[in-house]
Amino acid sequence: MAKIELKQPIVKEIAELLDGAQAAVVVDYRGLSAEQDTKLRKELREAGVTYKVYKNTMIRIAAKGTPFETLDSSLEGPTAIAVSKEDATAPARILYNFSKTAPDLELKAGVVDGVTYDQDGIKVIATVPSRDELIGRLLGSIQSPITNFARVLNQIAESKEAEA
């Protein structure tokens, strides 16, 4: 079998991974211990993020013609890619937070909702709260005036009972 035939399934796997993805972040993982790598993979897996190490040329070929093609310039040296199909900020947030405790993990670049970000841009994306947190904040802000209104009505009712 020719080498190209051996590589086609890997390219297809990467293409399927990127198909329909909301975000992808590439990192340089050199210097991480096996324990750190295992912990990082666990955190990413729990958040529904796929994290794999592929050859740069394989990622380039699979990303051709997709919004992730812009990561091409960041595909230098050892590269791991974290891809999320559900939460657009999850890969950046988890990798950035992990890099605080493991400085050897270097964020290279990423694509979030079709927009390419460099290392600094990914750090900014990482500070955006998760979807669930934003929904919680929205519900809290909607609930707050209603709760306050109910308290006022309750206090009025209690004052009327005290007068009677």
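## Basis of the report

Helices (H or I, at least four residues) and strands (E, at least two) are DSSP runs, numbered from the N terminus. This is a predicted model: local features need pLDDT of at least 70, side-chain atom pairs count only at pLDDT 80 or more, and totals for chains, interfaces and linings use all residues. Residues are numbered from 1 along each chain as its sequence is written, and side-chain values use heavy atoms, with hydrogens and water left out.

## Overall fold

The protein has six helices and five strands. Their order along the sequence is α-β-α-β-α-β-α-β-β-α-α. The radius of gyration is 23 Å, well over the 15 Å that the globule rule gives for 164 residues, so the protein is more spread out than a compact globule. That radius is taken over C-alpha atoms, and the rule is 2.2 Å times the number of residues to the power 0.38. Along its principal axes, the C-alpha trace spans about 95 × 35 × 25 Å.

Of the 164 residues, 35% count as buried. Buried means under 20% relative accessible area, exposed means over 50%, and partly exposed lies in between (1.4 Å probe, protein chains only). A contact means heavy atoms within 4.5 Å. Among contacts with a separation of 6 or more, 79% come from residues 24 or more positions apart.

## Helix H1

Helix H1 covers residues 3-18. At 1.5 Å a residue, its 16 residues should span 22 Å; the end C-alpha atoms are 23 Å apart, which agrees. The expected span is 1.5 Å times one less than the number of residues. After H1 comes Gly 20, with a positive phi near 80°.

Val 11, Ile 14, Leu 17 and Leu 18 of H1 are buried. The buried residues of H1 pack against strands E1 (23-28), E2 (49-53) and E3 (80-84), and against helix H3 (56-63).

Glu 16 sits in helix H1. Its relative accessible area is 49%, so Glu 16 is partly exposed. The C-alpha atoms of Glu 16 and Ala 62 are separated by 8.7 Å, though the two residues are 46 residues apart along the chain.

Leaving aside neighbours within four places in sequence, Leu 17 is in contact with Thr 50, Tyr 54, Val 83 and Lys 85. The C-alpha atoms of Leu 17 and Ala 62, 45 residues apart along the chain, are separated by 9.4 Å.
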